[in-house]
Amino acid sequence: MTERRMGNPFEKYLTVWVALCIVAGILLGKAAPDLAGTLDSMSITVGGAPVVSIPIAICLFMMMYPIMVKIDFGSVVRAGKNGKPVLLTLFINWCVKPFTMYGIALLFLGFLFKGFIGPDATDLVRMPFGLDLPVGATHGAGTVVLSEGVRMLEIPLWRSYLAGAILLGIAPCTAMVLVWSHLARGNDGLTLVMVAINSLTMLLLYGILGGFLLGVGRLPIPWQALLLSIGIYVALPLAAGYLSRRWIIAARGREWFEKRFLHFLTPVTISALLLTLVLLFSFKGEVIASNPLTILWIAVPLFIQTVMIFGLGYYMARRMRLSYEDAAPAAMIGASNHFEVAIATATMLFGLSSGAALATVVGVLIEVPVMLLLVRFCTRTRGWFNS
């Protein structure tokens, strides 16, 4: 197989485009806050939390559809028969990643950066579901207080940030990893298989691991949020890609499909990614701009976690003698996070203005630039593997 390089200007200078779009999004949010607020309010909510942003969902569909329609679904069946990459990503996502995220975040937020965050700084979060305690009672590290007539739990601020980091660590990526794998010239069929299996596993383990690591009692599994998110971000473009591929090939032939239709779609994924970034940072730019140092303290452990998990997956893939096309997505699916679900869950559990919700937003901030760096690392080291 010949190596496909990032040849067009969008892909070749994608890191620059991403940086420009992040800045553009923040500036748009400050220059036109009403527009950003209106777009951000166009959401499907579950339990009072915005789970699916309709503008973002449209952009993600346009990002995913060109990838889905390129997949020969016969290759998906063949990829599913290769169990080693699937077992690798399951092991890293559920046996390693949640616990390293907890340990790294605790080290930095609870010890190394605690003085910068403010050792006495507190955060008001929602009372845990089903908990009915009087004002003044203690629960874990928190105290029940009355805020604007509502009983809230007052906890150390660093613990709130820690909670957000944990929610990111237990939510492996199910949609964006298809983009990262595609850019790294990975096996799209295998990536789709791993996304499907990790989505089902997340439905089973998200609440169990979250409740255990958060230490705030049993975490209710956000079934509706998870199912809705996976359905819109993965299942919808998958179905559209599968059906339209069959229809177009039947109507116009495979040659027209591959040489004309796919050529037309080539820039769509990257364009949709860049537009998504502009929208995301127009929604959250004010929060980021008003908390620059706080963002830094949270970003450091998230960055270390992302790079470490990727490195572990990539190293293990090489030791398992996987091909490059299988190794790249197997490593990246663990490194990236399903930040949409993490943000929705943090909002549902702790409140929109909580430190936990802010920490999940930081996950969005570092996700794309760091994953793009890892994509570039993959393409430059594919010679380490036997393809």
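In this predicted model, F310 is buried, and Y314 is buried as well. The two residues form a stacked aromatic pair, with 5.0 Å from centre to centre and 25° between the planes. Both belong to helix α14, four residues apart, and are therefore separated by about one helical turn.

Y314 sits in helix α14, whereas W384 sits in the segment after α17 (355-380), so the pair ties together parts that are 70 residues apart in sequence. F310, Y314 and W384 belong to one aromatic cluster, which also includes Y324, F377 and F385. Across the structure there are 14 aromatic pairs.

Helix α14 (residues 292-319) also packs against helix α6 (residues 83-112). Their axes are 9 Å apart, at an angle of about 150°. The two helices are therefore roughly antiparallel to each other. Their crossing is right-handed. The contact of α6 with α14 comprises 20 nonpolar residues, three polar residues and one charged residue.

A further ring contact involves a charge. The charged end of R252 sits over the ring of W256, at 4.3 Å from the ring centre.

Technical notes
Residues numbered from 1 in each chain as written. Predicted model: local features only at pLDDT ≥ 70, side-chain atom pairs only at ≥ 80, totals over all residues. Heavy atoms only, no water. Axes fitted to C-alpha atoms, helices over the stretch in contact; angles between N-to-C directions. Parallel < 35°, antiparallel > 145°, perpendicular 65-115°, else oblique. Left-handed = near helix turned anticlockwise from the far one by under 90°. Nonpolar A, V, L, I, M, F, W, Y, C, P; charged D, E, K, R; others polar. Phe/Tyr/Trp six-rings, centres within 6.5 Å; stacked < 30°, edge-to-face > 60°. Buried < 20%, exposed > 50% of the residue type's maximum accessible area, 1.4 Å probe, protein only. Lys NZ or Arg CZ within 6 Å of the ring centre and 35° of its normal.
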